[in-house]
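These are my notebook entries on a structure that I looked up. I record what I checked, in the order in which I checked it.

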Amino acid sequence: MPENRSQPSLASSRGLRYWWRLLVDRLATVITVLCAILVLTPLVAIFAYLVYRGVGALNWAFLTQTPKPVGELGGGMANAMVGSAIILGIASLIGVPLGIGSGIFLAEHGNHRFAQLVRFTADVLNGVPSIVTGIAVYSLVVLQQKHFSGFAGGVALGIMMVPTITRTTEEMLLMVPNVVREASLGLGIPRWRTTISVVLRTATSGVITGIMLAFARVAGETAPLLFTAFGNQFWSLKLNQPMAALPLQIYVYAISPFDDWHRQAWAGALVLILLIVGAVAAVRVATSRGMVRGAA
Amino acid sequence: MGVGMEARDLNAWFGPAQVLHGISMDMAANQVTAIIGPSGCGKSTFIRCLNRLHETVPGARVEGKVKVGGSDIYGRSVPAVEVRRRVGMVFQKPNPFPTMSIYDNVAAGLKLNGFRNRRELDQIVERSLCQAALWDEVKDQVKKKSGASLSGGQQQRLCIARALAVAPEVLLMDEPCSALDPISTSKIEELVFELKKDYTVVIVTHNMQQASRVADFTGFFLLGYMVEFDRTERVFTNPADKRTEDYVTGRFG
């Protein structure tokens, strides 16, 4: 019978190098965790401060009434909340189809000069200050219509959504492996069907992330609405009339000299954040329903 | 029933590089034809020309004739999608549609071409999965489980079922076992043997034993040329060309 030699124990290999590796490993872990905490801190701090300042003025009247005239206490931002929802709805109707459409174009047919131009334009548009977009829409829509309108506000925000959605859609579609496209083409499924029902479907969750990013970004925009939706102290659901929006209302109230308005501005900011978080969460839940379990 | 296929003087290019030179061969109905050869010899490109998938690669080009049951698939006004419905394909790496259930994977070829009859679709899905010898393993969860959650061998059989569901006449298989373990490989080989009763099969393989096990006819490709094409036992036991002999006896490649 062969001699039963003991396996080299792990302990014997624990030289200086082992302890050094262990130290580096732990250090790296601690650093990444610290980074994560550092990123979360301002987020949590802002939210906590918003709750602290805003929750006091948050009551039923705030959620259901329109603003009171200067000098009167109370009133609310109900018209601004509805206005924001309408403007963002218009923006999404414009931005989502355009963004997804051009993203598909870039990903599936994007290796020639025109596509390069589209890509470059999208990147430039992404960097254009929002107030510039507002002025552009002011001259293109507001001056033509001869008055401020909720529709113009939606157009401005919609334009701002396009580049983000275009580029994320492109990136997500390019991540779909080519063998998946070929599998579909190989079944005799036409190219356009393949793109929509196979490629886009495979990339759905990523594309939706892009849409949500764009949505959340424009939802808080104030500058482009100053020259377009303009704001409104009264109920107005007409798309061709000036329309209230939460960021505008917050802006007007925050720079006012009245303490009551300041409190309402804080409450408005809190509501705005909650609405954005709510919308993003709702879309996430709704879209994950349709997915198959176990799919990555 | 399968139909015969013939290639006549087929040439193919990737951009300026010619990768196939004047290939002519007949693939008999309800027989298995294997294509063997070293890497880069053009065997994959060749079978991708048989269902017009080659031309979907940017810069790729084909010249020559390929007939399926007598009609030229490169003929004027023949739509590529029609050809691909008649000539199905199974790829090297299992490629189920990742976000679709097992059921939707198999039904995709019909559903996405506008087929709406649910009852009939259910039957076709079940029959295709049975033909691919996968039904018994997945029948309880065809609609719940994602195609991507199956094992590699099961995924490849799913891809076979998906190809069969559109009722092709020819089934092309591009190294269908190269990503699979030996047990899954032997299952697929048994399947190929079964499938030739109903379909004409063309299979590309790296593995010469596999070719000798499953194929009735074998073609040997080298550097874009077809060196030899004959009955399988003849290619392996008494090849006419010295290069074929060197390859099948393992002297190169």
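**Chain B as a whole**

I began with burial in this predicted model: buried residues make up 50% of the 253 residues in chain B. For this count, a residue is buried if 20 or more other C-beta atoms lie within 10 Å of its own.

I then listed the secondary structure and found ten helices and ten strands in chain B. The radius of gyration of chain B is 18 Å, close to the 18 Å that the globule rule gives for 253 residues, so chain B is as compact as a globular protein of that length. Along the principal axes, the C-alpha atoms of chain B fill a box of roughly 55 × 45 × 30 Å.

I next looked at the contacts in chain B with a separation of 6 or more, and 68% of them join residues 24 or more positions apart.

**The six-stranded sheet**

In which order do the six strands of the open sheet in chain B lie? I read the order as β6-β7-β8-β3-β9-β10, with mixed pairing. At the edges I found β6 (87–90) and β10 (225–231) of chain B, each of which pairs on one side only. Ignoring direction, neighbouring strands of this sheet are turned by 15° against each other on average.

One residue I traced was V32(B), whose bridge partner in β8(B) is V201(B).

I also noted helix α6 (residues 152–165) of chain B, which lies across β6 and β7 (170–174) of chain B and runs at about 170° to β6(B).

I turned to β1 (residues 5–14) and β4 (residues 60–68) of chain B, which pair in the antiparallel sense over eight bridges. Here M5(B) stands opposite V68(B) in β4(B).

β4(B) also pairs with strand β5 (residues 71–72) of chain B, in the antiparallel sense and over two bridges. In this pairing K67(B) stands opposite D72(B). β4(B) and β5(B) form a hairpin with two residues between them, and G69(B) in the turn has a positive phi of about 55°.

**Where the chains touch**

Last, I examined the contact between the chains, which takes 23 residues from chain A and 29 residues from chain B. On the side of chain A, the elements that give two or more residues are α7 (178–186) and α8 (191–202). α7(A) gives the most, with six residues. By class, I recorded twelve nonpolar, seven polar and four charged residues on that side of chain A.

Methods. Residues are numbered from 1 along each chain as its sequence is written. Chains are lettered from A and ligands numbered from 1 in the order in which they are written. This is a predicted model: local features need pLDDT of at least 70, side-chain atom pairs count only at pLDDT 80 or more; totals for chains, interfaces and linings use all residues. Two residues are in contact if their C-beta atoms, placed from the backbone, lie within 7 Å. Helices (H or I, at least four residues) and strands (E, at least two) are DSSP runs, numbered from the N terminus. Ala, Val, Leu, Ile, Met, Phe, Trp, Tyr, Cys and Pro count as nonpolar, Asp, Glu, Lys and Arg as charged, and the others, Gly among them, as polar. The radius of gyration is taken over C-alpha atoms; the globule rule is 2.2 Å times the number of residues to the power 0.38. A residue is buried if 20 or more other C-beta atoms lie within 10 Å of its own, exposed if 12 or fewer, and partly exposed in between; C-beta atoms are placed from the backbone. Two strands pair if DSSP finds at least two bridges between them. Axes are lines fitted to C-alpha atoms, for helices over the stretch in contact, and angles run from 0 to 180 degrees between N-to-C directions.
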